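Please read each point with the structure in view.

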Amino acid sequence: MISIIVAVAENNAIGKAGDLLCHISSDLKHFKAVTSGHTVIMGRKTFDSLPKGALPNRRNIVITRNTAFTAENVEVAHSLEEALNMAGGNAFIIGGEQIYRQALPFADKLFLTKIHAEFPDADTFFPEINANEWAEESRETFPSDDKNQFPYSFVNLLRK
């Protein structure tokens, strides 16, 4: 199963200046819980944005055009197709924008954290989701609080 996991704002924004839009503590914990023990596939820019390099307790595959790229605890692929083959067709796509655009047609499931806010200065966006292709499996909505600056929902979608 190919899954995409992403935090997305109301205007489909996912990032700004090579970083997340905001840090929602519950989203980061949710991401860790959902992806731990699995293969994660990401682009090189997403990998570079990780504060401590490869994500622990996960098989990390980084897609890059750079044939000389290496990093500790990382496997390198030079295309999405190569990465998916390496993963045996079972992985979480974790970003960034270009990789999400390429992977969306292959995805079986979407793990969305919908941030109930807009970020007008965002420069990175998730592709439009065609509602006719997806069915909502579950939704949990939470208010903002001391650790989560914005209200948000965890929404899981399955391809119809």
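1. The lining of the largest cavity comprises seven nonpolar, no polar and one charged residues. Here Ala, Val, Leu, Ile, Met, Phe, Trp, Tyr, Cys and Pro count as nonpolar, Asp, Glu, Lys and Arg as charged, and the others, Gly among them, as polar. The residues in question are Ala7, Ile14, Leu20, Leu21, Cys22, Ile24, Asp27 and Ile115. On a 1 Å grid over the protein atoms alone, a cavity is a set of points where a 1.4 Å probe fits but cannot get out, and lining residues have an atom within 4 Å of a point.

2. The model is predicted: local features need pLDDT of at least 70, side-chain atom pairs count only at pLDDT 80 or more, and totals for chains, interfaces and linings use all residues. Residues are numbered from 1 along each chain as its sequence is written, and side-chain values use heavy atoms, with hydrogens and water left out.

3. Strand β8 (residues 109–115) is largely enclosed by the rest of the structure, because six of its seven residues are buried (under 20% relative accessible area, with a 1.4 Å probe and protein chains only). Strands are DSSP runs of E, at least two residues long, numbered from the N terminus.

4. Strand β1 (residues 2–9) pairs with β8 in the parallel sense over seven bridges; pairing requires that DSSP finds at least two bridges between the strands. Val8 has Lys114 of β8 as its bridge partner.

5. Strand β11 (residues 152–159) and β8 pair in the antiparallel sense, over seven bridges. In β11, Tyr152 stands opposite Ile115.

Terms used:
1 Å grid on protein atoms, 1.4 Å probe; cavity = no way out; pocket = protein on both sides within 12 Å on 5 of 7 lines; lining within 4 Å. Buried < 20%, exposed > 50% of the residue type's maximum accessible area, 1.4 Å probe, protein only. Helix = DSSP H or I, 4+ residues; strand = E, 2+ residues; numbered from the N terminus.
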